[in-house]
Amino acid sequence: MIAVALSRGHIEILQFLRDRTAVVFTFFFPALLLLLFGTIFGSESSAAGVAASRIFTASMIAYGVLNTAFVTMGSGLALDREDGTLKRLRGTPMPAWAYLIGKALLVTLLSVAEAAVLIGVGVLVFDMPLPPAGHWVTFAWIFLLSVIACSLLGVAVSALVKNARNAGAILNVPVVALQFVSGVFIHPMSQLPDWLEKVASLFPVRWMAQGFRYVFLPPEAEAQEIGGSWDLGMVAMVLGVWCVIGLVLCLWTFRWSSREK
Amino acid sequence: MEAIEVTGLRKTYGDRDAVAGIDLVVARGEIFSLLGPNGAGKTTTVEILEGHRRRTAGDVRVLGEDPGRAGSAWRTRIGIVLQDADDAADLTVHEMVRHVAGFYPNPRRPDEVIELVGLQAKRNSRIRTLSGGQRRRVDVALGIVGGPELLFLDEPTTGFDPEARRQFWDLIRTLAGDGTTIVLTTHYLDEAEALADRLAVVSAGRIVAEGTPATLGGRGAAQARVSWRADGTTRTEQVADPSDLIRHLVATGADLSTLTITRPTLEDTYLSLIGAAR
C-alpha cells in the first residue's frame with residue numbers, strides 16, 4: 001500500500017515536470033521576482049543596516065511556499081476534479097489517502113526545491129551569508145508548518161473553484177494581496193495602517209515571512225519587526241492554528257467530483 | 001449469483017426524479033446494454049452501480065455487495081471505462097496503464113492490455129498526442145487492466161470512426177468471451193444490437209422495455225413487411241408469418257429478384273418506445 005502512495009507521488013512529479021508552462025511560470029516565478037526586487041532595491045539598506053536584497057530573499061521564501069503548496073495544491077486538485085483524474089481513481093481500489101500522500105510528496109519536493117532556488121539566488125547573486133547551524137532547525141519547523149498549512153488551505157480553497165481554467169486567478173488573489181500586507185513586498189510592516197497590520201496578522205503569511213527573516217537575517221534586524229521581536233512562539237502558534245483550520249476546512253469541503261450534487 | 005440485482009432504485013435531485021424506480025437483473029457473463037435518450041437516467045443509474053453516486057432509495061447488489069458501502073476489495077473486481085476523461089495527458093500510454101495496474105492485487109500485464117486495445121504502436125506516446133478514438137481505447141485499457149469480473153462502459157464509442165467502432169466491438173466480444181460481465185450504455189442502436197445479449201430501454205427514469213435485441217418491445221412478434229414487384233408496380237403486404245405468402249408467390253411465378261422482407265428495426269422499436277413513454 002505504501003508502494004501505491006509512492007507510485008502516486010512519482011506520477012504527480014512526472015506530470016508536473018512535463019508541464020513546461022507550470023515549471024517556468026509557476027515554479028520559477030518567485031525567483032524571477034526576487035531577482036527583480038533584489039536588483040532594483042538591492043543597494044538600499046534597512047535602518048538596521050541589512051541589505052534589502054537579503055530581506056527580500058528571506059521573506060520571498062514565504063511566497064515560494066505559498067506558490068508551491070497553496071497554488072500548486074489548489075489548482076492541481078481543481079484540475080484533477082475536472083479532467084477525470086479523481087473520478088478514475090475513485091473507481092479503483094486505490095485508497096484516497098494514497099492520492100493525498102502523492103500530492104503531499106509533490107508539494108514537499110517542489111517546496112524544498114523552491115526554497116533551495118531562492119536561497120541559492122540570495123547566496124550567489126546577493127551575497128547573502130548562510131545562517132548559523134542552529135537556525136536551520138528553526139527553518140525546518142517553520143518551513144514544515146508553512147507547507148502543511150498552505151497545502152491544506154489549497155485543498156480547501158480548490159472546492160470553491162468551479163472551473164479549473166480560473167484556478168490560477170482565484171488562488172493568486174489571496175496570495176498576492178497577502179504578500180503586500182504581510183511584509184514580503186513591503187517591509188517593515190510598520191509602514192502599513194494599524195488596522196491593516198492587524199488584519200494581515202490574522203493570516204499565516206506574515207508569520208511565515210517573519211520566521212524566515214529570523215532564520216536568514218542577523219540579530220540586529222529584529223528591531224524592524226512589529227514589537228521589535230521575532231516572536232517565534234507566535235509564529236508557531238499561528239501556523240499551528242492554520243494547520244488545524246486547514247484540516248477542518250478540507251474535511252468539510254472535500255469533494256471527489258466537480259459535478260457531484 | 002447474479003452480477004447485478006437492482007430493485008426499486010430511485011435517485012431524486014430536489015423534487016425531480018432522475019431515476020424513478022428501476023428494477024434490473026444482469027446475469028454473470030452477460031453483455032447487458034442500457035439504452036435511452038440523454039437525461040433519461042442511464043448515466044445516473046450506472047454511476048450508482050459503480051459506487052460513484054448515492055441513491056435515494058432502493059436495493060442494489062453489485063457482485064453481491066452494496067456499491068454505496070463497498071470497499072476497496074469490491075473495487076478490485078469491477079472496471080469502469082470513463083466517458084469523458086482527459087486526465088494523464090502528459091503521461092505515456094504505458095506509464096499510465098502500468099501505474100493503474102499497480103492499484104490491483106492481480107492485474108493483467110500492462111503490455112498485454114495495451115496490445116489487446118490495439119495501441120502497441122502508441123505504447124510510448126504521450127496520451128495528449130492520441131486521437132479521440134485512441135484516447136478512449138486507453139480508457140478501456142485502464143478499465144480492464146485490473147482484470148475485472150464486471151466492466152462498466154458508458155458510451156464508449158462516441159467519436160469513433162466506423163472502423164474503430166468495429167475493432168472496439170471485437171474487443172468487447174473478446175472480453176465477454178473470457179467471462180467478463182459487461183454493462184454498456186450507448187446511444188447507438190446498431191452497437192447495442194451487435195453486442196448486447198440483453199438490453200433495456202430507459203426513458204424518464206424508468207425502464208420502458210427489456211428483452212433481447214430480437215424481441216425488444218414486441219419486435220419479434222411484429223408483422224413482417226413483404227414487398228415485391230409485379231406487373232411494373234411495387235406490391236406490399238403486412239403478414240405475421242411470410243411463409244405462406246412466399247409459397248404463393250413462388251407458385252404463381254412472381255419475380256422474386258425484387259423480394260424484400262423487413263421487420264421493424266431496433267431503431268424503429270426504440271423510437272416508438274421512448275415516444276410512447278413521453
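The model is predicted, so local features need pLDDT of at least 70 and side-chain atom pairs count only at pLDDT 80 or more, while totals for chains, interfaces and linings use all residues. Residues are numbered from 1 along each chain as its sequence is written, chains are lettered from A and ligands numbered from 1 in the order in which they are written, and side-chain values use heavy atoms, with hydrogens and water left out.

**Cavities**

- The structure holds 3 cavities of 30 Å³ or more; a cavity is a set of points on a 1 Å grid over the protein atoms alone where a 1.4 Å probe fits but cannot get out.
- The second largest cavity has a volume of about 80 Å³, where volume is the space filled by probe spheres set on the points, with grid points joined across faces, edges and corners.
- Its lining, meaning residues with an atom within 4 Å of a point, includes A:Lys87 and A:Arg88 from chain A, and B:Tyr104 and B:Leu142 from chain B.
- Helix 5 (85-90) of chain A, together with strand 5 (78-81) and helix 5 (132-144) of chain B, are the elements that give two or more residues to this lining; helices (H or I, at least four residues) and strands (E, at least two) are DSSP runs, numbered from the N terminus.
- The lining residues of the second largest cavity divide into 5 nonpolar, 4 polar and 2 charged; Ala, Val, Leu, Ile, Met, Phe, Trp, Tyr, Cys and Pro count as nonpolar, Asp, Glu, Lys and Arg as charged, and the others, Gly among them, as polar.

**An open sheet in chain B**

- Three strands of chain B make an open sheet in the order 2-1-4, with antiparallel pairing; two strands pair if DSSP finds at least two bridges between them.
- Strand 2 (16-26) and strand 4 (57-62) of chain B are the edge strands, each pairing on one side only.
- From one strand to the next, the twist averages 25 degrees.
- Strand 1 (residues 4-13) of chain B pairs with strand 2 of chain B over 8 bridges, and B:Thr12 has B:Asp17 as its bridge partner in strand 2 of chain B.
- Helix 1 (residues 42-50) of chain B lies across strands 1, 2 and 4 of chain B, at about 120 degrees to strand 1 of chain B; axes are lines fitted to C-alpha atoms, for helices over the stretch in contact (heavy atoms within 4.5 Å), and angles run from 0 to 180 degrees between N-to-C directions.

- In strand 8 (residues 198-203) of chain B, 6 of its 6 residues are buried, with buried meaning under 20% relative accessible area, exposed over 50% and partly exposed in between (1.4 Å probe, protein chains only).
- B:Arg198, B:Ala200 and B:Val202 point one way from strand 8 of chain B, and B:Leu199, B:Val201 and B:Ser203 the other way.
- Strand 3 (residues 31-35) of chain B runs parallel to strand 8 of chain B, joined by 4 bridges.
- Strand 9 (residues 206-211) of chain B runs antiparallel to strand 8 of chain B, joined by 5 bridges.
- Strands 8 and 9 of chain B form a hairpin with 2 residues between them, and B:Ala204 in the turn has a positive phi of about 50 degrees.

**Two buried residues**

- B:Ala3 sits in the segment before strand 1 of chain B and is buried, with a relative accessible area of 0%.
- Not counting residues up to four places away in sequence, B:Ala3 touches residues including B:Val26, B:Arg61 and B:Thr181.
- B:Ser125 lies in the loop between helix 4 (110-116) and helix 5 of chain B, and counts as buried because its relative accessibility is 19%.

Technical notes:
1 Å grid on protein atoms, 1.4 Å probe; cavity = no way out; pocket = protein on both sides within 12 Å on 5 of 7 lines; lining within 4 Å.
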